[in-house]
Every structure is written in C-alpha cells, then in structure tokens.
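Trainee: Could you walk me through this structure and show me how the labels follow from the values?
Mentor: Gladly; let us look at it together.

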Amino acid sequence: MVVYLDHAATTPMLPEAIDAYARAMGEVGNPSSIHAAGQAARRRLEEAREAIAETLGCDPIEVVFTSGGTEAINLALKGMFWASDAARLVVAAGEHHATLDTVEWLVAHEGATVSWVGLSAEGVIDEDAWAAALAADAGPAALASALWVNNEVGAIEPVTALAASAAAAGVPFHLDAVAAYGHVPIDFRSLGAAALSVSAHKIGGPVGIGALVLSRTARVVALQHGGGQQRGVRSGTQDVAAAVSFAAAARASVAALEAERARLTGLRDRLIAGVRATVPAARLSGPEGAGRVASNAHFSFPGAQGDSLLFLLDAAGVAVSTGSACQAGIPEPSHVLLAMGRTPAEASSCLRITLGRTTTAADVDAFLAALPAAYERAARAGLTTAG
C-alpha cells in the first residue's frame with residue numbers, strides 16, 4: 001500500500017463529498033432553466049454556494065464557481081487588470097505558478113509592469129517592502145496579489161497586514177488561499193480584500209471545481225462570455241453536482257479545522273524531528289512552529305537531487321513531491337527557495353512532504369524508515385543542477 005504524503009497536490013475525497021456527489025449526479029436539471037427540474041437544480045446550486053460562503057466568511061453572491069484554483073487566479077488577475085486604468089502589478093516573489101505565469105503573460109501580451117516583493121529567509125513576505133511597493137510614489141497599481149499560505153514551504157503569510165497596506169493605498173488585493181483553505185480560518189469580510197481564490201480538491205472535494213470570492217465592489221472584466229451566469233463574471237452552465245460535493249467538503253473540513261490542525265501539528269513535528277535525527281544534513285525550509293501550516297514539512301537535502309529522492313522514495317512505496325504538482329517533472333530549481341536566498345543547488349535538492357486527513361503516525365514512520373537509504377543513494381548520484 002502506498003504511503004501518501006502529497007496532500008498539498010491533492011487530497012482524497014471525503015466520504016461525505018463522495019456521497020453528495022453521487023446523489024447529485026442522479027438528479028437532472030440545468031440551473032438556468034425555468035421549469036421545475038431546472039429550479040430544483042438551481043436551489044441545490046445556491047444552497048451549495050451559501051454553505052461555501054459561510055466557510056469563507058463572505059456573502060453567497062460573492063462566490064463565483066470556477067473550474068479550480070488556476071482559473072480563479074486567472075480570472076482575478078486578468079479580470080482586475082483589464083478593469084483598471086493602471087498597468088502595474090504588485091506581486092510577491094514566491095507565488096504559485098498559476099499567479100507567476102499569469103503575471104508573465106500580462107507583461108508579455110498586455111503591457112503590464114511588475115513590482116516584485118521579496119521573501120525572508122523563511123519564506124515570509126516582507127511587509128515593509130510590500131507597503132513600499134504599494135505606495136503612491138511608486139506609481140498607480142492595478143492590483144496586488146499574494147499567497148495566504150506558501151504552497152511549497154508552508155509559510156503562513158501576514159495577510160492582515162498585507163491587506164491593510166493594499167487598502168491604505170487603494171489597490172485591489174487578491175489572495176491565493178488555495179493552500180490555506182481548510183487549514184487556517186478564513187474570514188473574507190474582515191480582510192477587506194477584493195478577491196480570494198480556493199479549490200475544492202485541496203480540501204477533500206472533487207477535482208474540476210473551485211471558486212473566486214469576488215467582493216461586491218470589485219471591478220473585473222470577464223474572461224469568457226455567454227449566458228451571463230454568476231453576475232456575468234463567469235458565463236457557462238454551472239456544475240451542480242460538483243458544487244454540492246464541494247460544499248459538503250467545505251463544511252466538513254472547516255468544522256474539523258481546529259482538531260485536525262492540532263493532530264497534524266503533532267505528526268508534522270514528529271516528521272521534522274525524525275528527518276533531523278536520521279539525516280542530520282537536511283535543512284528545514286520555512287518557519288518553525290506556529291508560523292508554518294500544520295500539514296507541511298519541506299527540506300533540502302545537500303548533495304542530492306530532489307527528483308532522485310522522489311523516485312527512490314516512490315519505489316519504496318512513499319509518495320512525496322519536490323514542490324507544486326503543476327511543476328512536477330520540470331527540472332529546475334524551486335523559485336520559492338531562490339526567492340528565500342537559497343543557492344540553485346539547495347533549491348534543486350528539496351522534498352515537500354504534506355500531510356492530510358488520512359495521514360497516520362505509521363505513515364510518518366514509514367517515510368522516516370525509507371528516507372536514509374534513499375538519501376544515501378541520491379547523494380551518491382549527486383546533483384544534476386549546478387549550484
């Protein structure tokens with residue numbers, strides 16, 4: 001049996017989400033139709049939207065269903081950029097590639113400019129540099145965007161301060177909360193942000209649905225057009241079954257958040273201590289303790305290639321990752337670690353181990369048992385990326 005420690009890539013669907021999906025798949029009706037079957041579908045859809053809004057601390061009308069986190073981020077960044085007269089973006093350097101690639105596309109094709117904000121050695125966004133980048137003397141900004149939880153190294157970012165600086169500068173603020181949802185409490189209203197992105201499959205819902213929380217006052221240009229669904233922001237027939245399943249996962253994961261956070265913190269700390277004991281050369285990336293999301297442990301292993309470690313552990317029946325699943329198989333140093341000041345060699349020698357609802361102490365121990373031999377073999381093979 002595989003020991004699965006890559007929950008940040010995707011986590012198993014919750015039983016209640018599977019049950020809700022199966023039941024909803026047996027129903028018929030387009031939620032945009034006005035006959036009884038259509039209106040019944042509409043009711044199920046809107047009840048799901050209300051449940052998700054409750055877990056995010058926003059109004060139901062602010063929940064715009066998308067195909068996942070990547071679409072939500074694209075809609076937020078492109079849509080708000082096109083709605084603004086300004087051309088400058090303020091973005092943190094360690095963002096997920098859904099943000100980075102969208103920003104680079106806007107630069108290449110839409111004339112955007114970017115003020116990049118650096119990270120500390122622990123992967124935390126520099127609050128002073130963020131405020132300075134937003135300041136009026138740097139020129140008007142169309143929007144600012146930051147991760148709530150860094151998806152690679154697990155740093156919990158100072159989002160309240162980041163949002164306050166953006167509000168003081170009058171700059172619309174987007175938060176990528178994909179890695180935060182279900183792990184830290186989210187209250188969109190209290191932040192005063194313009195937009196926030198989440199994804200269902202990260203919290204035990206189905207792949208293929210996510211949401212952009214879009215403030216009532218946010219200005220955004222739609223990426224696609226058609227029937228005008230969802231405030232005209234995201235046209236297209238809405239997937240009722242996926243929304244119902246998403247809502248079931250959202251209710252369950254947020255209800256269990258505090259208990260699960262305490263449980264995973266214990267397992268994470270057991271794993272970190274075990275790595276340090278069995279491979280003393282390993283270096284933890286990201287903050288220690290409360291500044292790190294409970295589900296994440298991220299290490300660099302000197303002299304070894306991260307991909308080599310991954311494949312050797314996989315052969316031993318342990319599934320981990322070297323970083324974002326969106327970049328898996330691409331042999332390049334972690335841009336997050338480079339932004340944290342690590343060398344290219346260190347940024348190429350990483351493993352991300354992420355825990356979830358199904359993780360047990362036995363899983364952690366199985367990883368720790370397999371790690372020393374995998375590291376020894378990977379270190380003998382050496383790094384393929386020069387540092």
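This is a predicted model: local features need pLDDT of at least 70, side-chain atom pairs count only at pLDDT 80 or more; totals for chains, interfaces and linings use all residues.

What follows is a conversation about some residues, a helix and a pocket.

Trainee: Why is Val-90 called buried?
Mentor: A residue is buried under 20% relative accessible area, exposed over 50% and partly exposed in between, with a 1.4 Å probe and protein chains only. Val-90 has 0% relative accessibility, so Val-90 counts as buried. Val-90 sits in strand β3 (residues 88-92), a strand being a DSSP run of E with at least two residues, a helix one of H or I with at least four, both numbered from the N terminus.

Trainee: What is Val-90 in contact with, beyond its neighbours within four places in sequence?
Mentor: Contact means heavy atoms within 4.5 Å. By that rule the partners of Val-90 include Ser-115, Val-117, Trp-130 and Leu-143. Leu-368 is 278 residues from Val-90 along the chain, and their C-alpha atoms are separated by 40 Å.

Trainee: Is His-97 buried or exposed?
Mentor: His-97 has a relative accessible area of 14%, which is under 20%, so His-97 is buried. The residue belongs to helix α4 (residues 97-110). His-335 is 238 residues away from His-97 in sequence, with 9.5 Å between them in space, C-alpha to C-alpha.

Trainee: What makes Pro-302 partly exposed?
Mentor: Its 40% relative accessibility falls between 20% and 50%, so Pro-302 counts as partly exposed. Pro-302 is in the loop between β10 (296-300) and α10. Leaving aside neighbours within four places in sequence, Pro-302 is in contact with Ala-281, Ala-282, Ser-349 and Tyr-375.

Trainee: Which phi values stand out in the loop between β8 and α8?
Mentor: Gln-230 has a phi near 55 degrees, a positive value in a residue other than glycine. Arg-231 also has a positive phi, of about 65 degrees, although it is not a glycine. Gln-230 lies in the loop between β8 (210-214) and α8 (240-255), and Arg-231 is in the loop between β8 and α8 too.

Trainee: How do you know which accessibility label Gln-230 and Arg-231 each get?
Mentor: At 10%, Gln-230 is under the 20% limit, so Gln-230 is buried. Arg-231 has 35%, between the limits, so Arg-231 is partly exposed. Among the contacts of Arg-231 are Ile-61, Glu-62 and Arg-216.

Trainee: How do you know that the length of helix α13 agrees with its number of residues?
Mentor: The expected span is 1.5 Å times one less than the number of residues. For the 21 residues of α13 (residues 361-381) this gives 30 Å, and the end C-alpha atoms are 30 Å apart, so the two agree.

Trainee: Where is the kink in α13?
Mentor: A kink of about 35 degrees lies at Leu-371, shortly before the proline Pro-372; the bend is the angle between axes fitted to the seven residues ending there and the seven starting there. Buried residues of α13 include Phe-367, Leu-371 and Tyr-375. The buried residues of α13 pack against β1 (3-4), α9 (257-278), α10 (306-315), β11 (318-319) and β12 (350-354). Gly-382 follows α13 and has a positive phi, near 80 degrees.

Trainee: How do the residues lining the second largest pocket divide by kind?
Mentor: Ten are nonpolar, four polar and four charged. Here Ala, Val, Leu, Ile, Met, Phe, Trp, Tyr, Cys and Pro count as nonpolar, Asp, Glu, Lys and Arg as charged, and the others, Gly among them, as polar.

How values were computed
Residues are numbered from 1 along each chain as its sequence is written. Side-chain values use heavy atoms; hydrogens and water are left out.
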